[in-house]
Amino acid sequence: MDILRASTDWAKAELFSTPFFILFGVIFIAASLGFWQLGKTDMARAYIIPTLVAGTLLIIIGFGLFFTNKSRITEFKKAYNSDTTTFVTSELQRTESTLKEYKNVVFTAVPIIIAACALFIMFINTPIWRASMITTIAMLVVILLIDGIAHARIDFYQKQLLTIEKELKK
């Protein structure tokens, strides 16, 4: 198994998925503009700022991840050509810490925040707070959707790294 190819394939797959953050961010901003132009009720007008903020955050996340993963492709080649064993070890450490972050943040904290927002909606009747909580839930669902797929991808990549590590130790 060619670990450099597996690494660059993983990074390229990440490059494909991160624009979805940007796409959803643009959708949220378009919704904000729609609420601003067409919103007649207090509830509709309450969505203007929360959807604008959520859209902006998703765009920032998308661009940040895109440029980070784009630079990794060239870094992978340099690190691999420099020392294969060190490259595999550092990638294993990185993937392990990333998988822990997914477990702690994406699959634990995000669902808790979603549940808290849902409870908040039940007890608060102010339009801005309801709109903010609903928008937060929608944004976090987008993050769960995209990061759930990214988690599966990095988990598979880590298994490839472990296989290579065993081969290198022989």
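Reader: In which helix is Q158 found, and does Q158 count as buried or exposed?
Author: In this predicted model, Q158 is found in helix 6. Its relative accessibility is 13%. Buried means under 20% relative accessible area, and Q158 therefore counts as buried.

Reader: With which residues is Q158 in contact, leaving aside its neighbours within four places in sequence?
Author: The neighbours of Q158 within four places in sequence are set aside here. The contacts of Q158 are then L92, T95, E96 and L99.

Reader: Where does L144 lie, and what is its relative accessible area?
Author: L144 lies in helix 6. L144 is partly exposed because its relative accessible area is 25%.

Reader: Which residues are in contact with L144, leaving aside its neighbours within four places in sequence, and what separates the C-alpha atoms of L144 and M43?
Author: Beyond four places in sequence, L144 is in contact with V106, F107, V110 and I114. M43 stands 101 residues from L144 along the chain. The separation of their C-alpha atoms is 26 Å.

Reader: At what angle do helix 4 and helix 5 pack, and how are helix 4 and helix 5 oriented to each other?
Author: Helix 4 and helix 5, the latter covering residues 84-123, have axes 6 Å apart and pack at an angle of about 135 degrees. The contact is made by R72, F76, A79, Y80 and S82 of helix 4 together with T84, F87, E91 and R94 of helix 5. By class, this contact has four nonpolar, two polar and three charged residues. Given the angle, helix 4 and helix 5 are therefore oblique to each other.

Reader: How are helix 4 and helix 6 oriented to each other, and what is the handedness of their crossing?
Author: Helix 4 (residues 48-82) and helix 6 (residues 127-169) pack at an angle of about 15 degrees, their axes being 9 Å apart. Angles under 35 degrees count as roughly parallel, and helix 4 and helix 6 are therefore roughly parallel to each other. Their crossing is right-handed.

Reader: Which residues of helix 4 and helix 6 make the contact, and how many are nonpolar, polar and charged?
Author: Helix 4 contributes P50, T51, A54, L57, L58, I61 and F76. Helix 6 contributes I128, A131, S132, T135, M139, V142, I143 and Y157. By class, the contact of helix 4 with helix 6 has 12 nonpolar, three polar and no charged residues.

Reader: How many helices and strands does the chain have, and what radius of gyration?
Author: The chain has six helices and zero strands, in the pattern α-α-α-α-α-α along the sequence. Its C-alpha trace spans about 70 × 30 × 15 Å along the principal axes. A compact globule of 170 residues would have a radius of gyration near 15 Å, whereas that of the chain is 20 Å.

Key
Residues numbered from 1 in each chain as written. Predicted model: local features only at pLDDT ≥ 70, side-chain atom pairs only at ≥ 80, totals over all residues. Heavy atoms only, no water. Axes fitted to C-alpha atoms, helices over the stretch in contact; angles between N-to-C directions. Helix = DSSP H or I, 4+ residues; strand = E, 2+ residues; numbered from the N terminus. Parallel < 35°, antiparallel > 145°, perpendicular 65-115°, else oblique. Left-handed = near helix turned anticlockwise from the far one by under 90°. Contact = heavy atoms within 4.5 Å. Nonpolar A, V, L, I, M, F, W, Y, C, P; charged D, E, K, R; others polar. Buried < 20%, exposed > 50% of the residue type's maximum accessible area, 1.4 Å probe, protein only. Rg over C-alpha atoms; globule rule 2.2 N^0.38 Å.
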